[in-house]
Amino acid sequence: MLKYELSDEFLGKGQFGEVFKGRERSTGKAVAIKVTSKRVLAGSPKKEQQLRQEVALMRRLAGSCPHVVKLLDVETTAERVHLVLELCAGGDLARRLQRAPRRRLGPAAARRYLRHLAAGLRAIWSANLLHRDLKPQNLLLTHYDDDARALLKIADFGFVRQLEEGALAETQCGSPLYMAPEILDGKSYHATCDLWSVGVILFQMLTGSPPYKGKNALDLRRNIGGRVIVPRDVQLSKDAISLLKRLLVPDPLRRAGYEEFFAHSYLQEEDGEEKEGADDQRERG
């Protein structure tokens, strides 16, 4: 008998399967279970390899940061593979934005979530990894519509790959709206592709939509580098503007690097502000 019981409650989709709510039989603890068909894997050696890689990388990152979704277990049946993950009851950031007034967050919530995203990225970057598919759908929240309490966690590592220092990756993947322009161009790209995605996500959290749009990937690429329109009723702080200008740079060699990103004033706590680490400890306790 499997240790974890699968329910019919659908939570979302990952790269290689659907995600359902489940529970640990012995304790009743709620979990998320990503279900992948072995038939699908058998028909695609590449997908099987990517799933194995996803499991290996999530195990490698396990416990490294509270802002990376934890892999709790892996179980198999005759027909399926189950990745048992920690449950993030608040859903994903994309749905949070859809529910928000004008599909945007307040400045404090956007800043808080970006700090969480930066902390998760630091763990990934420290392991010499690229996520390659950062987007609101892959950022999960621990609480439903409670931005003051929710922790943001990076999920779905189906596209993650190892990147040695100074190396370039060549496989095109990810979601076009959040893809760095060098990926849309089909060129080799550096680790800063994830930081372009961070800039798009931050802009969307603050304004209600991504900075660049298009009818298709080609049209989107033509628009990148053009004028970015901020709604008149949105007032961006100076440090938010400064960070966006360093992240949304089409040339990856001129884009902010990780050390610059992590040290930026937008991510620093202000005087009298509660430290995120204390908040994390309280959530885990």
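The protein chain holds 10 helices and nine strands, where helices (H or I, at least four residues) and strands (E, at least two) are DSSP runs numbered from the N terminus. The model is predicted, so local features need pLDDT of at least 70 and side-chain atom pairs count only at pLDDT 80 or more, while totals for chains, interfaces and linings use all residues. Residues are numbered from 1 along each chain as its sequence is written, and side-chain values use heavy atoms, with hydrogens and water left out.

**Exercise 1.** Describe the largest pocket by volume, lining and position.

*Solution.* 
Step 1, volume. The largest pocket contains about 600 Å³ of space. On a 1 Å grid over the protein atoms alone, a pocket is an open set of points with protein on both sides within 12 Å along at least five of seven lines, a cavity is a set where a 1.4 Å probe fits but cannot get out, and lining residues have an atom within 4 Å of a point. Grid points are joined across faces, edges and corners, and the volume is the space filled by probe spheres set on the points.

Step 2, lining. Among the 28 residues that line the largest pocket, Leu11, Gly12, Val19, Arg95 and Leu140 are the closest to its centre. Two or more lining residues come from each of β1 (4–14), β2 (17–24), β3 (30–37), α2 (45–61) and β5 (80–86); β1 gives the most, with five.

The lining has 11 nonpolar, six polar and 11 charged residues. Here Ala, Val, Leu, Ile, Met, Phe, Trp, Tyr, Cys and Pro count as nonpolar, Asp, Glu, Lys and Arg as charged, and the others, Gly among them, as polar.

Step 4, position. Because domain 1 (4–86) and domain 2 (91–267) both give residues to the lining, the largest pocket lies between them. The domain bounds come from an automatic or database domain assignment.

**Exercise 2.** Characterise the surroundings of Lys34.

*Solution.* 
Step 1, record. An unreviewed UniProt entry lists Lys34 under "binding site"; UniProt positions are given in the numbering used here, feature names are shortened, and annotations may be inferred rather than shown by experiment.

Step 2, location and burial. Lys34 belongs to strand β3. Its relative accessibility is 3%, so Lys34 counts as buried (buried means under 20% relative accessible area, exposed over 50%, partly exposed in between; 1.4 Å probe, protein chains only).

Step 3, contacts. With neighbours within four places in sequence left aside, Lys34 is in contact (heavy atoms within 4.5 Å) with residues including Glu54, Leu85 and Asp156.
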